[in-house]
Amino acid sequence: MKETVNPFADAKPRLSRRGREARLRVNPEQAPAFMPGSRRVDSHSRGSSIFLTALLFLFLGFMLIGGNRRNPRMMAASAVYVVFLTVLAYLIFRTGFVSRYRSIFFSAYGLAFVLGFIPMLLEQRGHLALTGQDIANLDTPLCHLTIPMLIVPGLVYGVLIFPTKLFSDLGFFPMLFLWLGATLTIGKGWCSWGCFYGGLDEFFSKLLPKRRLSSRNFNYKLRWFPFALLAVIVLWAFLALEPVYCSWLCPFKAVTEFVKPVNLLIWIQTGLFIALFLGLVVVLPLLMKRRTQCGLFCPFGAFQSLAGLVNPYRVRVDKDKCTQCGACVAECPTFSITEETLAKHKVSISCARCGRCMEVCPRGAIQYALLGVPLRGGTETAARGRFWKEVVRPDSLFVFAALLFGGIISGGMVASSLLRILHFVQTGSLLLK
Ligand code: SF4
Ligand code: SF4
Ligand code: SF4
């Protein structure tokens, strides 16, 4: 079958600098979308798509299906999930639409987390709200958002300022290893491929077909707020020896666990969690079609932007192809491309490697890149047919690593949520025990 290529892929930029700036200021949300029916510059040939997908299937099958061989029901649910991931992987490689299919995986992961976590707590503890006894027993699952606050008190005083066990399933060391693995494998890509909370933000940002709140006059300096908040909570945690973000500001307490409201102070904290969740994770993403919690609030996202600098994967703008039309500025869900970054042909360090900008760029001017490796200059036509070149391209390597990592860490959660849904249909209860 004859494949259509992006007609803009090789065209030279024609606008003058003033013209480009004017176009960017005036009309960033109306830049031309990719031509319908055309293939992405980042698409793969059928052969390399099948090869990469088959390799992913083998790894995921070994880890997720093989890892559950003593539990036939989990094994079957994992097999369903592996097939689901494999189909998405093939579509990503073959079409080059990374964000479109990643978003399905990431949203499903976020929803599976909510569906699975609360029933799991009820099964294990018999109640949801944390009691004083649970805290005294160090019976609180640790989540990655806490890590930045634990480092300084841990290093200076040798104390863990969060009531969790060191080695239990959701305790300190497993979470530390998970974070280290994520940072080395995908860096800030954690925020588009690994974090279940981010999956919720993404889900709500995709629900409405059209943007209801324009961000044309948005102040992009607000994207530095998570970095300021990070500095405040790290210092505060050190001085007060308390994980202050968890006590006062975490929007996800509204859908995970929270302290039993036994006095006015705890009622105020609970009210804050609910308000932040509704505002930043539900309402603003719905209206703006952006990930407002992740892009404008989450201090762990800022922390991961810095930690992720050790990871070699980047997103780069090709200065020879970019016309500064502004389509990517208008679409980046985490506010990581601005006029200033574009002028330097860069994206901000907060870029979560989601791939959305690559999908909307009419000239194929944004690509996944590897540190120290020049952007590939050729078009898809030049690359197609060269099997190994496609397999080892930076975008192939990054997407493969991200899907493998995301698939492995989400596998147990999604499989058990699938079983819960089946159980709910049969018995009316989400609890498996
Ligand atoms: S910004 Fe925070 S909540 Fe969002 S995906 Fe990253 S770590 Fe998760
Ligand atoms: S990278 Fe692409 S979408 Fe962004 S301004 Fe340049 S040409 Fe437009
Ligand atoms: S710059 Fe591109 S890849 Fe990075 S977060 Fe924004 S849209 Fe996603």
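Modeller: With how helix axes are drawn: an axis is a line fitted to C-alpha atoms over the stretch in contact, and angles run from 0 to 180 degrees between N-to-C directions. Keep in mind that this is a predicted model.

Colleague: How is a pair of packed helices described?

Modeller: Two packed helices are described by the angle between their axes and the distance between the axes. Here the axes of H4, residues 98–125, and H9 cross at roughly 115 degrees and come within 7 Å. The crossing is left-handed. On the H4 side the contact includes Ser103, Phe106, Tyr109, Gly110 and Phe113; on the H9 side, Phe196, Gly199, Leu200 and Phe203 are among the residues involved. By class, this contact has 8 nonpolar, 5 polar and 2 charged residues.

Colleague: What span does H4 reach from its first C-alpha to its last?

Modeller: H4 has 28 residues and spans 40 Å, close to the 40 Å expected at 1.5 Å a residue. After H4 comes Gly126, with a positive phi near 85 degrees.

Colleague: Which helices each supply at least two residues of the shell around ligand 1?

Modeller: Helix H9 (196–207) and helix H14 (299–307) do. The residues around ligand 1 include Cys191, Cys195, Cys294 and Cys298, along with Tyr197, Asp201 and Phe300. The shell divides into 6 nonpolar, 3 polar and 1 charged.

Colleague: How many residues surround ligand 2?

Modeller: Ligand 2 is surrounded by 15 residues, and the closest are Cys322, Cys325, Ala327, Cys328 and Cys361. That shell has 11 nonpolar, 3 polar and 1 charged residues.

Technical notes
Residues numbered from 1 in each chain as written. Chains lettered and ligands numbered in written order. Predicted model: local features only at pLDDT ≥ 70, side-chain atom pairs only at ≥ 80, totals over all residues. Near = placed C-beta within 6 Å. Helix = DSSP H or I, 4+ residues; strand = E, 2+ residues; numbered from the N terminus. Nonpolar A, V, L, I, M, F, W, Y, C, P; charged D, E, K, R; others polar. Left-handed = near helix turned anticlockwise from the far one by under 90°. Contact = placed C-beta atoms within 7 Å. Expected span 1.5 Å × (residues − 1).
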